[in-house]
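Okay, everyone, let me put a model up on the screen.

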Amino acid sequence: MNTVCRDIFKAIHEGKWISIEYKNKNGEQTRYWIGINDINLKDRSLSVAGLHLSKHTLGDFPRIYIDSILTSDVVEGSFHPVNQRLVEDIHLNPYKYKELFHHAANMKILNYLADCSRLDSTPYRSEYALVEGLDGEGVQEGVYQLSDQQYKDIINQFQRRTIRDRQQKKPRKRILQICMNQLSVPVRKGLYVLAYRKMNFDVIRRRLIAEEEATICREFTIDGEKQSIRRFLPEEYGYLLDDFDTNQEEIKDRITSANPQIKGVDDMPYLLTLSRDLALDLDQEYGAILEMYQEAKPTIPIKAFFGELVKQPVRTKQYPLALLNQQVNLDQLLAIHHGLKYPLSYIQGPPGTGKTSTIINTITTAFFNEKTVLFASYNNHPIDSVFHTLQNIRYRNKRVPFPAVRLGNREKVEEALYYMKALYLQVKEINVFSNTLERNKDDKIEKTEQLSQLLKRYEAILDLKERKASIESLIRSEQSLTFRVELQSRQLAQVEKQLEQIGEVDEADALPLLNQNVEEFLKYLYYISAKYIKRLDEPKNEELLSILFMEGRKEE
């Protein structure tokens with residue numbers, strides 16, 4: 001998988017043109033724009049619409065060989081019709097395209113994160129004209145027809161911008177976008193563009209066309225100062241922005257009534273240019289990830305997050321779950337189960353979804369199965385919350401000496417040393433009986449296989465439901481009757497049949513398999529923790545133990 005293949009993947013799924021440098025069979029190098037219509041996997045070629053950049057002429061090319069493309073860049077802001085059949089085939093049969101796209105699912109993750117990064121920046125209105133002579137008020141029903149000169153100018157401007165971005169290779173990048181105003185708030189220092197629709201360059205039909213969905217700017221920069229929409233739209237009505245098209249008239253009324261000084265809002269459909277400054281261009285950063293895979297040297301975190309998420313884990317052993325908090329749902333159980341199967345796990349979700357509880361249960365389960373865990377986060381709050389819970393596990397009013405330490409800066413490391421010393425002194429008087437520990441563990445192993453099979457069924461249901469939603473979305477959007485019939489009669493029916501065969505799985509099925517004697521489990525944690533802490537007396541830990549008992553912070 002290289003950057004050319006990644007650009008091909010992105011252009012196919014997002015409906016964009018690619019600027020390429022192509023070497024033909026005579027060894028001549030030429031620059032073209034191509035809009036991809038189809039892929040021929042047998043000879044690694046593309047069927048494309050092609051634009052000659054110097055002559056500004058269009059043509060159809062049934063064979064453009066991928067391996068003859070020397071360089072490529074997606075032409076941002078361009079439009080080419082998406083081949084839904086090809087997109088669906090890549091989705092349903094990723095193994096067919098593995099030579100080109102490695103793992104298609106992970107390519108989508110890369111593109112999605114890059115798009116999120118772009119939208120995370122605050123836009124502002126730019127006086128820079130991408131194309132001279134555009135009549136800002138010439139938009140008719142979301143379409144602006146270009147003159148011959150404007151058509152040539154926009155091609156040249158887009159191409160110059162593409163080449164400049166490639167040559168600079170700077171981490172910071174400025175994105176310019178032609179847009180159609182949908183709703184703006186005029187203020188003394190400029191214009192707060194609340195909603196706009198991107199205008200994309202339809203190369204074949206020589207026009208600019210507006211995207212169907214509006215982009216909402218909850219923040220916008222005016223004269224160098226970042227503004228929030230809450231300045232104009234009262235916070236209690238912020239929910240209206242979640243469905244802008246339905247609520248547009250009410251949004252206008254609320255802004256107008258709350259801001260008598262602005263004398264109304266601007267909802268005329270005219271053209272404007274918006275800019276975004278990116279602190280980091282993820283498209284360039286992801287190039288390093290692609291190179292790792294080309295050289296077959298991706299790191300474990302990269303494999304876990306980008307490269308191997310769709311690959312079944314090699315580890316087949318079933319691990320019993322040992323939960324400190326049994327108030328869990330199936331999604332949380334699946335996350336804990338995967339935490340033992342994969343070498344690295346990411347726990348993500350909005351507030352209130354049980355991330356902390358899931359992490360704690362994953363740690364106690366790993367500990368029960370004699371695994372060590374490194375838990376890391378991009379901020380301190382979840383680390384402190386999890387550590388506080390593990391510090392305060394109680395068994396018969398006695399603190400369980402759970403062997404966990406909180407690391408971080410120098411101060412945290414010093415605290416960790418004192419805490420380890422306190423644990424060591426605490427377990428000195430605790431007598432550990434191995435037979436009792438093993439008996440408790442054997443009881444749990446009996447139900448492990450049943451729970452693993454249940455979670456496997458639940459995971460299959462989630463996957464099939466996602467595929468079903470994808471197929472139903474394609475059926476609604478597809479214009480071709482033949483393709484709709486194919487999707488509905490064969491592919492959708494097949495998914496529905498599999499769902500029917502698997503049946504339903506809910507928490508009530510899993511709870512009996514989790515049923516554990518809480519008192520016995522806490523007893524197990526108390527004594528097994530003491531057993532592990534006592535290992536500090538082993539010869540291999542002699543140096544660490546001596547550090548714990550050094551006198552004076554400087555020496556320590």
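Before the helices, a word on angles: an axis here is a line fitted to C-alpha atoms, for helices over the stretch in contact, and the angle runs from 0 to 180 degrees between N-to-C directions. And keep in mind that this is a predicted model.

So, with that in hand, look at helix H1, residues 3-14, and helix H2, residues 84-92: they pack at an angle of about 125°, and their axes are 9 Å apart. That makes the pair oblique, because an angle has to be over 145 degrees to count as roughly antiparallel, and the roughly perpendicular range is 65 to 115. The crossing of H1 and H2 is left-handed. Which residues meet there? From H1 you have Phe9, Ile12 and His13, and from H2 they meet Leu86, Val87 and Ile90.

Let me zoom out for a second. The protein chain has 556 residues, and 43% of them are buried. It contains 18 helices and 17 strands. If you take the contacts with a separation of 6 or more, 70% of them are between residues 24 or more positions apart.

Okay, on to the histidines. Histidine 52 sits in strand S3, which covers residues 45-52. Is histidine 52 buried or exposed? Its relative accessible area is 18%, so it counts as buried, the cut-off being under 20%. A polar atom of its side chain lies 3.3 Å from the backbone nitrogen of lysine 55. Beyond its neighbours within four places in sequence, histidine 52 is in contact with Thr30, Tyr32 and Thr57.

Histidine 56 isn't a glycine, yet its phi is positive, about 60°. At 13% relative accessible area, histidine 56 is buried.

There's another positive phi to show you. Arginine 206, also not a glycine, has a phi of about 55°. You'll find arginine 206 in the loop between strand S10, residues 190-202, and strand S11, residues 207-210. How accessible is arginine 206? It comes out at 30% relative accessibility, so we call it partly exposed.

While we're in loops, have a look at serine 121. It lies between helix H4, residues 104-119, and strand S7, residues 124-126. Serine 121 is buried, with a relative accessible area of 14%. And what does serine 121 touch, once you skip residues up to four places away in sequence? It touches Arg276, Asp277 and Leu278.

Terms used
Residues numbered from 1 in each chain as written. Predicted model: local features only at pLDDT ≥ 70, side-chain atom pairs only at ≥ 80, totals over all residues. Heavy atoms only, no water. Helix = DSSP H or I, 4+ residues; strand = E, 2+ residues; numbered from the N terminus. Buried < 20%, exposed > 50% of the residue type's maximum accessible area, 1.4 Å probe, protein only. Polar contact = N/O pair within 3.5 Å; in protein donor to acceptor, adjacent residues only side chain to side chain. Contact = heavy atoms within 4.5 Å. Parallel < 35°, antiparallel > 145°, perpendicular 65-115°, else oblique. Left-handed = near helix turned anticlockwise from the far one by under 90°.
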